[in-house]
Structure formats: structure tokens, C-alpha cells
Amino acid sequence: MPVIDQWYTIATAGPTADGRVIEEQWLRDAAENYDPDYYTAVIDSEHLLEVYGCFGHVAELRLGTKFGRVSLEAKVNANR
């Protein structure tokens, strides 16, 4: 699977639509420690892997900024 050479924002620090809060440190930890050789994050639809299967995998993570807040960005290996 080729890596899509584009960064996608997958999380932004701060409050979420359902009332939870994403801590900035969680995003920093994810970007610093993500190792797809140890544990690979998959792209799925509403956590229904058994129904739809996996749409691809996360290849890389990095920190960015979105709307003045820390964000987590990913490059992905998308399935056909």
C-alpha cells in the first residue's frame, strides 16, 4: 500500500462535540511514541471492523496546529 503523501488532521486539543476534552499532552505523547512496527492504528468506519473491514493504516503521526490549538496529523496507507 502506498503512503498518501498528505497530512490529515485527526484530532485537535480541546473540547469535543460530545463534551469530552482532548488533552494537548495526549496528542504530544501519540506523536512522539507512535511506532507502526509495534502497534499499527487502523482506519475503520465507526469501529465496525467486522462489518466494513479496514480501510487502511496510519503510517506516521506528527504535531501541527489548527485554529490556534495543538493538533495531531497523520499520513495513511489507504486500501484500494
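In this predicted model, strand E5, which covers residues 56–66, runs alongside strand E6 in the antiparallel sense, and the two are joined over 10 bridges. One of the places where the pairing can be followed residue by residue is Lys66, which stands opposite Arg69 in E6. The two strands form a hairpin with 2 residues between them, and in that turn Phe67 has a positive phi of about 55°.

Strand E6 also has a partner in strand E1, residues 8–12, and this pairing too is antiparallel, extending over 4 bridges. Here the reader can look for Thr12, whose bridge partner in E6 is Ser71.

From the strands we can turn to the charged side chains. Side chains of opposite charge can pair when their charged atoms come close. The structure holds 3 salt bridges, and they can be taken in turn.

Are the two partners buried or exposed? Arg62 has a relative accessible area of 35% and is therefore partly exposed, whereas Glu73, with a relative accessible area of 11%, is buried, because buried means under 20%.

Another salt bridge joins Arg28 to Glu24, with the closest N and O atoms 2.8 Å apart. Both residues lie in helix H1, which runs over residues 24–33, and because they are 4 residues apart there, about one helical turn separates them. Arg28 counts as partly exposed at 28% relative accessibility, and Glu24 likewise counts as partly exposed, at 36%.

The remaining salt bridge is formed by Arg20 and Asp18, whose closest N and O atoms are 2.8 Å apart. In this pair Arg20 is exposed, with a relative accessible area of 57%, and Asp18, at 51% relative accessibility, counts as exposed as well; the cut-off that matters for this step is that exposed means over 50%.

Technical notes. Residues are numbered from 1 along each chain as its sequence is written. This is a predicted model: local features need pLDDT of at least 70, side-chain atom pairs count only at pLDDT 80 or more; totals for chains, interfaces and linings use all residues. Side-chain values use heavy atoms; hydrogens and water are left out. Two strands pair if DSSP finds at least two bridges between them. A salt bridge is a side-chain nitrogen of Lys or Arg within 4 Å of a carboxyl oxygen of Asp or Glu. Buried means under 20% relative accessible area, exposed over 50%, partly exposed in between (1.4 Å probe, protein chains only).
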